[in-house]
Amino acid sequence: MDDRLRETLSAMMDDEADELSVRRLLSHRDQARVRDQWQRWQQIRDLMHSGHTPAEGVDVSANVRAALDGRSEPPVRRSSLGNASAAARWRWPAVAMVAVALLVGFGAGAGWDSRDAAEAASAPVAAAQPLTDRSPTDAPVREVALQGLDEEQWQQMSQYLLEHAQHNSVGVGRGAVGYARVVSAGNGY
Amino acid sequence: MTQANLATADQLARTSGKTGKPSMTPEQNQTQGEHSDSQTDLQLVRKVRNGDRAAFDLLVVKYQTRVASIISRYVYDSQEVMDLTQETFVKAYRAIDRFRGDSAFYTWLYRIAVNTAKNFLESRGRRPQASADVSDAENFDDGIRLRDPASPERLLQREQLQEELSRAIAELPEELRSAFLLREYDGLSYEDIAKILECPIGTVRSRIFRARDAVDRHLGPLINHTETT
(Lines give C-alpha, C1' and ligand atoms only; values in the text may rest on other atoms or scores of the structure.)
Protein backbone atom coordinates (compact mmCIF):
# COMPACT_ATOMS: atom_id res chain seq x y z
CA MET A 1 0.00 0.00 0.00
CA ASP A 2 1.61 3.24 -1.10
CA ASP A 3 1.64 6.54 0.80
CA ARG A 4 -1.07 8.04 -1.35
CA LEU A 5 -3.51 5.32 -0.37
CA ARG A 6 -2.46 5.52 3.25
CA GLU A 7 -3.06 9.25 3.17
CA THR A 8 -6.54 8.54 1.83
CA LEU A 9 -7.08 6.12 4.68
CA SER A 10 -5.91 8.77 7.13
CA ALA A 11 -8.39 11.22 5.60
CA MET A 12 -11.11 8.59 5.96
CA MET A 13 -10.31 8.42 9.66
CA ASP A 14 -11.14 12.13 9.77
CA ASP A 15 -14.15 11.90 7.50
CA GLU A 16 -12.37 13.98 4.90
CA ALA A 17 -11.93 11.53 2.02
CA ASP A 18 -13.83 11.96 -1.21
CA GLU A 19 -15.88 9.20 -2.76
CA LEU A 20 -13.45 8.48 -5.58
CA SER A 21 -10.52 8.06 -3.19
CA VAL A 22 -12.55 5.72 -0.99
CA ARG A 23 -13.49 3.66 -4.02
CA ARG A 24 -9.85 3.46 -5.06
CA LEU A 25 -8.84 2.41 -1.57
CA LEU A 26 -11.48 -0.29 -1.33
CA SER A 27 -10.50 -1.71 -4.66
CA HIS A 28 -6.92 -2.17 -3.50
CA ARG A 29 -5.99 -5.81 -3.91
CA ASP A 30 -4.49 -6.22 -0.45
CA GLN A 31 -7.46 -5.42 1.76
CA ALA A 32 -5.87 -7.17 4.72
CA ARG A 33 -3.18 -4.47 4.83
CA VAL A 34 -5.77 -1.74 4.48
CA ARG A 35 -7.72 -3.19 7.37
CA ASP A 36 -4.60 -3.62 9.53
CA GLN A 37 -3.53 -0.04 9.00
CA TRP A 38 -7.06 1.21 9.71
CA GLN A 39 -7.21 -0.87 12.87
CA ARG A 40 -3.87 0.41 14.17
CA TRP A 41 -4.90 4.01 13.68
CA GLN A 42 -8.22 3.33 15.35
CA GLN A 43 -6.34 1.81 18.28
CA ILE A 44 -4.16 4.87 18.57
CA ARG A 45 -7.25 7.05 18.50
CA ASP A 46 -8.82 4.92 21.25
CA LEU A 47 -5.66 5.31 23.28
CA MET A 48 -5.65 9.07 22.79
CA HIS A 49 -9.30 9.62 23.61
CA SER A 50 -10.33 6.97 26.07
CA GLY A 51 -7.02 5.60 27.28
CA HIS A 52 -7.77 2.08 26.09
CA THR A 53 -4.82 -0.03 25.15
CA PRO A 54 -5.34 -2.50 22.29
CA ALA A 55 -5.31 -5.34 24.81
CA GLU A 56 -8.28 -3.74 26.57
CA GLY A 57 -10.15 -3.22 23.37
CA VAL A 58 -12.38 -5.49 21.40
CA ASP A 59 -11.72 -7.30 18.16
CA VAL A 60 -14.62 -9.25 16.78
CA SER A 61 -13.87 -8.38 13.16
CA ALA A 62 -12.45 -11.80 12.30
CA ASN A 63 -15.44 -13.56 13.86
CA VAL A 64 -17.87 -11.30 12.06
CA ARG A 65 -16.10 -12.02 8.75
CA ALA A 66 -16.23 -15.73 9.46
CA ALA A 67 -19.92 -15.59 10.38
CA LEU A 68 -20.80 -13.64 7.25
CA ASP A 69 -18.73 -15.96 5.09
CA GLY A 70 -20.66 -18.87 6.55
CA ARG A 71 -17.54 -20.38 8.06
CA SER A 72 -19.19 -20.31 11.42
CA GLU A 73 -22.64 -19.66 12.70
CA PRO A 74 -23.54 -16.34 14.26
CA PRO A 75 -22.96 -16.54 17.98
CA VAL A 76 -25.21 -18.96 19.71
CA ARG A 77 -25.23 -18.74 23.47
CA ARG A 78 -25.04 -22.39 24.21
CA SER A 79 -25.69 -21.93 27.88
CA SER A 80 -29.10 -20.38 27.35
CA LEU A 81 -30.06 -22.88 24.66
CA GLY A 82 -28.85 -25.68 26.84
CA ASN A 83 -31.02 -24.48 29.68
CA ALA A 84 -33.99 -24.20 27.39
CA SER A 85 -33.65 -27.74 26.08
CA ALA A 86 -33.09 -29.09 29.58
CA ALA A 87 -36.23 -27.31 30.73
CA ALA A 88 -38.17 -28.76 27.81
CA ARG A 89 -36.88 -32.24 28.61
CA TRP A 90 -38.17 -32.07 32.17
CA ARG A 91 -41.41 -30.23 31.46
CA TRP A 92 -43.65 -33.20 30.54
CA PRO A 93 -42.43 -35.63 33.21
CA ALA A 94 -42.96 -32.89 35.75
CA VAL A 95 -46.48 -32.21 34.46
CA ALA A 96 -47.26 -35.94 34.55
CA MET A 97 -46.00 -36.25 38.13
CA VAL A 98 -48.02 -33.27 39.32
CA ALA A 99 -51.12 -34.57 37.53
CA VAL A 100 -50.75 -37.98 39.18
CA ALA A 101 -50.25 -36.45 42.59
CA LEU A 102 -53.32 -34.23 42.22
CA LEU A 103 -55.46 -37.05 40.86
CA VAL A 104 -54.49 -39.34 43.69
CA GLY A 105 -54.94 -36.68 46.30
CA PHE A 106 -58.40 -35.61 45.14
CA GLY A 107 -59.45 -39.19 44.52
CA ALA A 108 -58.47 -40.19 48.02
CA GLY A 109 -60.33 -37.20 49.40
CA ALA A 110 -63.46 -38.30 47.53
CA GLY A 111 -63.57 -41.55 49.51
CA TRP A 112 -61.90 -44.23 47.42
CA ASP A 113 -61.16 -47.38 49.27
CA SER A 114 -57.55 -48.36 49.43
CA ARG A 115 -57.70 -50.98 46.69
CA ASP A 116 -59.38 -48.64 44.18
CA ALA A 117 -56.98 -45.91 45.11
CA ALA A 118 -54.04 -48.15 44.49
CA GLU A 119 -55.39 -49.16 41.11
CA ALA A 120 -56.22 -45.58 40.13
CA ALA A 121 -52.83 -44.36 41.21
CA SER A 122 -50.93 -47.08 39.47
CA ALA A 123 -52.57 -46.44 36.10
CA PRO A 124 -51.43 -42.85 35.60
CA VAL A 125 -47.99 -43.72 36.94
CA ALA A 126 -47.75 -46.48 34.41
CA ALA A 127 -48.92 -44.09 31.72
CA ALA A 128 -46.19 -41.68 32.67
CA GLN A 129 -43.48 -44.28 32.45
CA PRO A 130 -42.46 -43.73 28.81
CA LEU A 131 -41.74 -40.08 29.61
CA THR A 132 -39.17 -41.09 32.15
CA ASP A 133 -37.33 -43.21 29.60
CA ARG A 134 -37.90 -46.31 31.75
CA SER A 135 -37.58 -49.55 29.85
CA PRO A 136 -40.71 -51.78 30.14
CA THR A 137 -38.47 -54.71 30.96
CA ASP A 138 -36.94 -53.04 33.99
CA ALA A 139 -37.64 -55.07 37.11
CA PRO A 140 -39.43 -53.09 39.83
CA VAL A 141 -37.23 -52.21 42.80
CA ARG A 142 -38.78 -52.10 46.23
CA GLU A 143 -38.58 -49.09 48.47
CA VAL A 144 -35.40 -49.33 50.51
CA ALA A 145 -37.34 -49.25 53.78
CA LEU A 146 -39.37 -52.25 52.66
CA GLN A 147 -36.48 -54.39 51.53
CA GLY A 148 -35.67 -57.41 53.68
CA LEU A 149 -39.29 -58.00 54.72
CA ASP A 150 -40.99 -61.26 53.90
CA GLU A 151 -44.11 -61.25 51.74
CA GLU A 152 -46.61 -61.12 54.60
CA GLN A 153 -44.76 -58.36 56.45
CA TRP A 154 -44.42 -56.44 53.24
CA GLN A 155 -48.19 -56.69 52.57
CA GLN A 156 -49.01 -55.52 56.09
CA MET A 157 -46.53 -52.68 55.97
CA SER A 158 -47.79 -51.55 52.58
CA GLN A 159 -51.36 -51.62 53.75
CA TYR A 160 -50.46 -49.68 56.84
CA LEU A 161 -48.53 -47.03 54.95
CA LEU A 162 -51.25 -46.74 52.36
CA GLU A 163 -53.95 -46.16 54.96
CA HIS A 164 -51.74 -43.77 56.87
CA ALA A 165 -51.09 -41.68 53.81
CA GLN A 166 -54.73 -41.81 52.83
CA HIS A 167 -55.75 -40.39 56.20
CA ASN A 168 -53.17 -37.69 55.82
CA SER A 169 -54.38 -36.65 52.41
CA VAL A 170 -58.01 -36.57 53.52
CA GLY A 171 -57.35 -34.78 56.77
CA VAL A 172 -54.86 -32.17 55.72
CA GLY A 173 -55.32 -31.92 52.01
CA ARG A 174 -51.58 -31.76 51.49
CA GLY A 175 -50.77 -35.43 51.71
CA ALA A 176 -51.14 -36.29 48.06
CA VAL A 177 -47.42 -36.41 47.43
CA GLY A 178 -46.80 -38.67 50.37
CA TYR A 179 -49.67 -40.82 49.29
CA ALA A 180 -48.38 -41.08 45.74
CA ARG A 181 -44.96 -41.96 47.08
CA VAL A 182 -46.40 -44.84 49.15
CA VAL A 183 -48.46 -46.07 46.22
CA SER A 184 -45.43 -46.07 43.99
CA ALA A 185 -43.41 -47.78 46.71
CA GLY A 186 -46.13 -50.35 47.00
CA ASN A 187 -45.85 -50.98 43.28
CA GLY A 188 -42.15 -51.43 43.59
CA TYR A 189 -41.14 -48.03 42.15
CA MET B 1 -0.15 32.20 10.90
CA THR B 2 -1.66 34.90 13.08
CA GLN B 3 -0.55 35.50 16.63
CA ALA B 4 -3.86 34.22 18.03
CA ASN B 5 -3.70 31.08 15.95
CA LEU B 6 -0.12 30.47 16.95
CA ALA B 7 -1.16 30.75 20.58
CA THR B 8 -3.89 28.16 20.11
CA ALA B 9 -1.62 25.67 18.38
CA ASP B 10 1.26 26.25 20.78
CA GLN B 11 -0.98 25.88 23.79
CA LEU B 12 -2.27 22.57 22.48
CA ALA B 13 1.21 21.40 21.64
CA ARG B 14 2.57 22.33 25.06
CA THR B 15 -0.30 20.64 26.86
CA SER B 16 -0.03 17.47 24.86
CA GLY B 17 3.74 17.39 25.18
CA LYS B 18 3.33 17.32 28.90
CA THR B 19 0.42 14.96 29.39
CA GLY B 20 -0.38 13.57 25.99
CA LYS B 21 -3.98 14.66 26.35
CA PRO B 22 -5.28 18.12 27.01
CA SER B 23 -8.42 18.42 29.03
CA MET B 24 -11.49 18.77 26.88
CA THR B 25 -14.76 20.53 27.41
CA PRO B 26 -17.91 18.54 26.70
CA GLU B 27 -18.33 20.49 23.48
CA GLN B 28 -14.83 19.55 22.39
CA ASN B 29 -15.42 15.99 23.41
CA GLN B 30 -18.49 15.86 21.25
CA THR B 31 -16.81 17.36 18.24
CA GLN B 32 -14.12 14.73 18.29
CA GLY B 33 -16.88 12.12 18.17
CA GLU B 34 -16.83 12.19 14.43
CA HIS B 35 -19.70 9.80 14.11
CA SER B 36 -22.52 12.32 14.14
CA ASP B 37 -22.67 12.92 10.39
CA SER B 38 -19.98 10.75 9.00
CA GLN B 39 -19.65 11.03 5.27
CA THR B 40 -17.15 8.20 5.32
CA ASP B 41 -19.70 5.94 6.99
CA LEU B 42 -22.26 6.67 4.30
CA GLN B 43 -19.68 5.99 1.61
CA LEU B 44 -18.82 2.69 3.25
CA VAL B 45 -22.48 1.76 3.69
CA ARG B 46 -23.09 2.37 -0.01
CA LYS B 47 -20.17 0.04 -0.75
CA VAL B 48 -21.54 -2.60 1.61
CA ARG B 49 -24.90 -2.47 -0.13
CA ASN B 50 -23.12 -3.18 -3.37
CA GLY B 51 -21.66 -6.29 -1.80
CA ASP B 52 -18.31 -4.89 -0.70
CA ARG B 53 -17.44 -6.92 2.38
CA ALA B 54 -14.15 -5.04 2.86
CA ALA B 55 -16.10 -1.84 3.42
CA PHE B 56 -18.09 -3.51 6.16
CA ASP B 57 -14.84 -4.72 7.73
CA LEU B 58 -13.76 -1.11 8.13
CA LEU B 59 -17.05 -0.22 9.81
CA VAL B 60 -16.66 -3.14 12.20
CA VAL B 61 -13.13 -2.14 13.14
CA LYS B 62 -14.20 1.46 13.58
CA TYR B 63 -17.18 0.82 15.84
CA GLN B 64 -16.56 -2.49 17.59
CA THR B 65 -15.18 -0.97 20.78
CA ARG B 66 -18.08 1.46 21.08
CA VAL B 67 -20.63 -1.25 20.42
CA ALA B 68 -19.02 -3.48 23.04
CA SER B 69 -19.14 -0.58 25.47
CA ILE B 70 -22.85 -0.07 24.89
CA ILE B 71 -23.57 -3.75 25.40
CA SER B 72 -21.48 -3.85 28.54
CA ARG B 73 -23.99 -1.46 30.10
CA TYR B 74 -26.47 -4.33 30.02
CA VAL B 75 -24.40 -7.49 30.14
CA TYR B 76 -21.53 -7.97 32.56
CA ASP B 77 -19.94 -11.20 31.36
CA SER B 78 -17.11 -10.32 28.98
CA GLN B 79 -17.60 -13.36 26.76
CA GLU B 80 -21.29 -12.55 26.39
CA VAL B 81 -20.36 -8.97 25.53
CA MET B 82 -18.10 -10.27 22.75
CA ASP B 83 -20.78 -12.62 21.44
CA LEU B 84 -23.41 -9.90 21.44
CA THR B 85 -21.05 -7.43 19.78
CA GLN B 86 -20.46 -9.94 17.02
CA GLU B 87 -24.18 -10.61 16.76
CA THR B 88 -24.89 -6.89 16.49
CA PHE B 89 -22.62 -6.55 13.47
CA VAL B 90 -23.98 -9.66 11.81
CA LYS B 91 -27.51 -8.29 12.24
CA ALA B 92 -26.42 -4.89 10.96
CA TYR B 93 -24.88 -6.43 7.86
CA ARG B 94 -28.00 -8.44 7.11
CA ALA B 95 -30.23 -5.42 7.64
CA ILE B 96 -28.03 -2.90 5.87
CA ASP B 97 -30.59 -2.43 3.09
CA ARG B 98 -33.02 -1.14 5.71
CA PHE B 99 -30.64 1.63 6.76
CA ARG B 100 -32.17 4.61 5.02
CA GLY B 101 -29.61 7.17 6.09
CA ASP B 102 -32.16 9.26 8.03
CA SER B 103 -29.87 9.04 11.04
CA ALA B 104 -26.14 8.55 11.34
CA PHE B 105 -24.95 5.01 10.77
CA TYR B 106 -23.64 4.88 14.31
CA THR B 107 -27.05 5.82 15.74
CA TRP B 108 -28.64 3.03 13.75
CA LEU B 109 -25.96 0.60 14.91
CA TYR B 110 -26.45 1.78 18.49
CA ARG B 111 -30.14 0.87 18.33
CA ILE B 112 -29.32 -2.61 17.06
CA ALA B 113 -26.79 -3.10 19.85
CA VAL B 114 -29.23 -2.02 22.55
CA ASN B 115 -32.01 -4.22 21.19
CA THR B 116 -29.65 -7.17 20.87
CA ALA B 117 -28.58 -6.79 24.48
CA LYS B 118 -32.16 -6.40 25.72
CA ASN B 119 -33.37 -9.39 23.74
CA PHE B 120 -30.55 -11.45 25.14
CA LEU B 121 -31.45 -10.51 28.71
CA GLU B 122 -35.11 -11.27 28.12
CA SER B 123 -34.24 -14.66 26.64
CA ARG B 124 -32.40 -15.38 29.87
CA GLY B 125 -35.31 -14.21 31.98
CA ARG B 126 -33.42 -11.17 33.17
CA ARG B 127 -34.81 -7.67 33.21
CA PRO B 128 -32.54 -5.04 31.64
CA GLN B 129 -31.17 -2.87 34.43
CA ALA B 130 -29.71 -0.14 32.28
CA SER B 131 -31.72 2.04 29.99
CA ALA B 132 -30.45 3.80 26.94
CA ASP B 133 -31.94 6.37 24.69
CA VAL B 134 -30.98 6.88 21.09
CA SER B 135 -29.89 10.38 22.00
CA ASP B 136 -27.23 8.70 24.17
CA ALA B 137 -25.60 7.37 21.03
CA GLU B 138 -24.01 10.69 20.16
CA ASN B 139 -22.71 11.41 23.65
CA PHE B 140 -21.81 7.91 24.67
CA ASP B 141 -18.39 7.86 26.26
CA ASP B 142 -16.94 4.39 25.90
CA GLY B 143 -13.95 5.42 27.95
CA ILE B 144 -16.12 5.46 31.01
CA ARG B 145 -18.35 2.56 30.29
CA LEU B 146 -16.05 -0.18 29.07
CA ARG B 147 -15.32 -2.51 31.92
CA ASP B 148 -11.77 -2.37 33.02
CA PRO B 149 -10.01 -5.46 34.35
CA ALA B 150 -7.39 -3.12 35.87
CA SER B 151 -4.86 -5.82 36.67
CA PRO B 152 -1.50 -4.40 37.77
CA GLU B 153 0.09 -5.61 34.55
CA ARG B 154 -2.65 -4.01 32.47
CA LEU B 155 -2.32 -0.74 34.34
CA LEU B 156 1.41 -0.76 33.77
CA GLN B 157 0.95 -1.38 30.06
CA ARG B 158 -1.54 1.44 29.84
CA GLU B 159 0.79 3.78 31.65
CA GLN B 160 3.70 2.85 29.38
CA LEU B 161 1.61 3.34 26.27
CA GLN B 162 0.35 6.70 27.47
CA GLU B 163 3.90 7.82 28.18
CA GLU B 164 5.06 6.65 24.78
CA LEU B 165 2.13 8.38 23.14
CA SER B 166 3.02 11.64 24.87
CA ARG B 167 6.64 11.22 23.80
CA ALA B 168 5.69 10.39 20.22
CA ILE B 169 3.51 13.50 19.98
CA ALA B 170 6.12 15.70 21.63
CA GLU B 171 8.75 14.54 19.14
CA LEU B 172 6.65 15.46 16.13
CA PRO B 173 7.77 18.50 14.15
CA GLU B 174 5.75 21.49 15.28
CA GLU B 175 3.69 21.87 12.08
CA LEU B 176 2.68 18.19 12.12
CA ARG B 177 1.89 18.27 15.82
CA SER B 178 -0.32 21.34 15.56
CA ALA B 179 -2.39 19.94 12.68
CA PHE B 180 -2.68 16.54 14.34
CA LEU B 181 -3.78 17.89 17.71
CA LEU B 182 -6.24 20.37 16.26
CA ARG B 183 -7.83 17.45 14.47
CA GLU B 184 -7.70 14.80 17.20
CA TYR B 185 -8.40 16.83 20.30
CA ASP B 186 -10.34 19.80 18.95
CA GLY B 187 -12.12 17.80 16.27
CA LEU B 188 -11.67 20.59 13.74
CA SER B 189 -12.26 19.97 10.06
CA TYR B 190 -9.35 20.13 7.63
CA GLU B 191 -10.79 23.37 6.32
CA ASP B 192 -10.79 24.99 9.76
CA ILE B 193 -7.30 23.73 10.51
CA ALA B 194 -6.14 25.14 7.17
CA LYS B 195 -7.52 28.53 8.18
CA ILE B 196 -5.85 28.39 11.58
CA LEU B 197 -2.52 27.23 10.24
CA GLU B 198 -2.84 29.36 7.09
CA CYS B 199 -1.98 26.64 4.67
CA PRO B 200 -3.80 24.70 1.92
CA ILE B 201 -6.18 21.90 2.89
CA GLY B 202 -4.00 19.41 1.02
CA THR B 203 -1.10 20.37 3.27
CA VAL B 204 -3.22 19.81 6.37
CA ARG B 205 -4.24 16.42 5.06
CA SER B 206 -0.64 15.49 4.38
CA ARG B 207 0.60 16.74 7.76
CA ILE B 208 -2.03 14.84 9.67
CA PHE B 209 -1.22 11.68 7.76
CA ARG B 210 2.51 12.07 8.43
CA ALA B 211 1.88 12.77 12.10
CA ARG B 212 -0.37 9.75 12.41
CA ASP B 213 2.16 7.59 10.62
CA ALA B 214 5.00 8.78 12.89
CA VAL B 215 3.00 8.09 16.04
CA ASP B 216 2.06 4.68 14.68
CA ARG B 217 5.71 3.82 13.99
CA HIS B 218 6.67 5.02 17.44
CA LEU B 219 3.97 3.02 19.21
CA GLY B 220 3.96 0.07 16.83
CA PRO B 221 6.12 -2.37 18.80
CA LEU B 222 4.32 -1.57 22.03
CA ILE B 223 0.88 -1.97 20.48
CA ASN B 224 1.87 -5.32 18.98
CA HIS B 225 3.19 -6.38 22.35
CA THR B 226 0.07 -5.45 24.28
CA GLU B 227 -2.15 -7.15 21.72
CA THR B 228 -0.45 -10.45 22.33
CA THR B 229 -0.43 -10.24 26.13
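Two residues are in contact here if their C-beta atoms, placed from the backbone, lie within 7 Å. With that in hand, select chain B: among its contacts with a separation of 6 or more, 73% join residues 24 or more positions apart.

What you have open is a predicted model, in which local features need pLDDT of at least 70, side-chain atom pairs count only at pLDDT 80 or more, and totals for chains, interfaces and linings use all residues. Residues are numbered from 1 along each chain as its sequence is written, while chains are lettered from A and ligands numbered from 1 in the order in which they are written.

**Stop 1: colour by confidence.** pLDDT is the predictor's confidence in each residue, from 0 to 100. Chain B averages 80, and 71% of its residues score at least 70. Now pick residues 1-36 of chain B: pLDDT stays under 50 there, and the model has 52 contacts beyond four places in sequence for this stretch. For the complex, the predictor gives an ipTM of 0.78 and a pTM of 0.62.

**Stop 2: switch to cartoon.** Chain B shows 12 helices and 0 strands; helices (H or I, at least four residues) and strands (E, at least two) are DSSP runs, numbered from the N terminus.

**Stop 3: show both chains.** The contact takes 57 residues from chain B and 46 residues from chain A. On the chain B side, elements giving two or more residues include α3 (39-49), α5 (78-94) and α9 (152-170). By type, the side divides into 19 nonpolar, 16 polar and 22 charged residues. Here Ala, Val, Leu, Ile, Met, Phe, Trp, Tyr, Cys and Pro count as nonpolar, Asp, Glu, Lys and Arg as charged, and the others, Gly among them, as polar.

**Stop 4: go inside.** A residue is buried if 20 or more other C-beta atoms lie within 10 Å of its own, exposed if 12 or fewer, and partly exposed in between. Buried residues make up 39% of the 229 residues in chain B.

A nonpolar core is a set of buried Ala, Val, Leu, Ile, Met, Phe, Trp, Tyr and Cys residues joined through C-beta atoms within 7 Å. The largest one has 69 residues, and I71(B), L109(B) and I193(B) are among those touching the most other members. α4(B) supplies the largest share of this core, 11 residues. Centre on I193(B): leaving out residues up to four places away in sequence, its contacts are A179(B), L182(B), R183(B), L188(B) and V204(B).

**Stop 5: E87(B).** Find this residue in helix α5 of chain B. Why does E87(B) count as buried? Because E87(B) has 25 C-beta neighbours inside 10 Å. Finally, draw a distance to A117(B), 30 residues apart along the chain: the C-alpha atoms are separated by 9.7 Å.
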